[in-house]
Amino acid sequence: MSENIKMKGSLIAVLKKANGEVQTVRKDNIILNAGFDFICDAIGKASSRPNAMGYIAVGSGATAPAATQTALASEITRKAASYSHTAGTKVMAFSATFGAGVGTGAISEAGVVNASSGGTFLDRLTFAVINKGVDDELTMTFQFTLS
């Protein structure tokens, strides 16, 4: 009998412009090698377990995602994220809102990370530029599904 565990991640980004327009981006991401190491250490290490994933970082980099990367290419900022999981499901999510004046600029990459600076990135993805103005609000929700 063979049992395989797979993990798939995706992002839904919702930009609410100051003028009322709404832009939504949905894209799948990749789990980084460092992210898989993080998962192994979080499950198996008896001592010195890594800090929990708790931040979403956004950046302006355009370098294509690769499993060997350990950070965003050009980080702009990160925000504390809320974590959610319903017992009995194989889905977890992290969500953060970048309000007015936070993360302003041409955002084209994002990832979930376990520290307010530095830290270990679970995943990374790039997408078509989201131009976040100073008065705009951007909500990023990463969903991970195990199967």
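The legends below describe an overall view and several close-up views of one predicted model.

In this predicted model, local features need pLDDT of at least 70 and side-chain atom pairs count only at pLDDT 80 or more, while totals for chains, interfaces and linings use all residues. Residues are numbered from 1 along each chain as its sequence is written, and side-chain values use heavy atoms, with hydrogens and water left out.

**Figure 1. Overall view of the protein chain, with 1 helix and 9 strands.** Helices (H or I, at least four residues) and strands (E, at least two) are DSSP runs, numbered from the N terminus. Along the sequence, the pattern is β-β-α-β-β-β-β-β-β-β. The C-alpha atoms fill a box of roughly 55 × 30 × 25 Å along the principal axes. The radius of gyration of the protein chain is 15 Å, which agrees with the value near 15 Å for a compact globule of 147 residues. That radius is taken over C-alpha atoms, and the globule rule is 2.2 Å times the number of residues to the power 0.38. Of the 147 residues, 35% count as buried; buried means under 20% relative accessible area, exposed over 50%, and partly exposed in between (1.4 Å probe, protein chains only). Among contacts (heavy atoms within 4.5 Å) between residues at least 6 apart in sequence, 67% join residues at least 24 apart.

**Figure 2. Strand β7 and the strands paired with it, β3 and β8.** Two strands pair if DSSP finds at least two bridges between them. Strand β3 (residues 55-59) runs antiparallel to β7 and is joined to it by 5 bridges. One of the residues bridged here is V58, whose partner in β7 is A110. Strand β8 (residues 123-132) is also antiparallel to β7, again with 5 bridges. G105 stands opposite K132 in β8.

**Figure 3. Close-up of E109 and R124, whose side chains are joined by a polar contact of 2.8 Å.** A polar contact is a pair of N or O atoms within 3.5 Å; within protein, one must be able to donate a hydrogen and the other to accept it, and residues adjacent in sequence count only if both atoms are side-chain atoms. E109 belongs to strand β7 and is buried, with a relative accessible area of 0%. R124 lies in strand β8 and counts as buried at 1% relative accessibility. A polar atom of the R124 side chain also lies 2.8 Å from the backbone oxygen of T63. E109 and T126 are 17 residues apart in sequence, with their C-alpha atoms 4.2 Å apart in space.

**Figure 4. Close-up of the aromatic cluster formed by Y83, F94, F142 and F144.** Rings of Phe, Tyr and Trp (its six-membered ring) pair if their centres lie within 6.5 Å; planes under 30 degrees apart count as stacked, over 60 as edge-to-face and the rest as tilted. By this rule there are 3 aromatic pairs. The ring centres of F94 and F144 are 6.2 Å apart and their planes stand at 75 degrees, so this pair is edge-to-face. F94 lies in strand β6 (residues 91-98) and F144 in strand β9 (residues 137-146), so the pair ties together parts that are 50 residues apart in sequence. Both F94 and F144 are buried. The rings of F142 and F144 have centres 6.4 Å apart and planes at 10 degrees, so they are stacked. F142 is buried as well.
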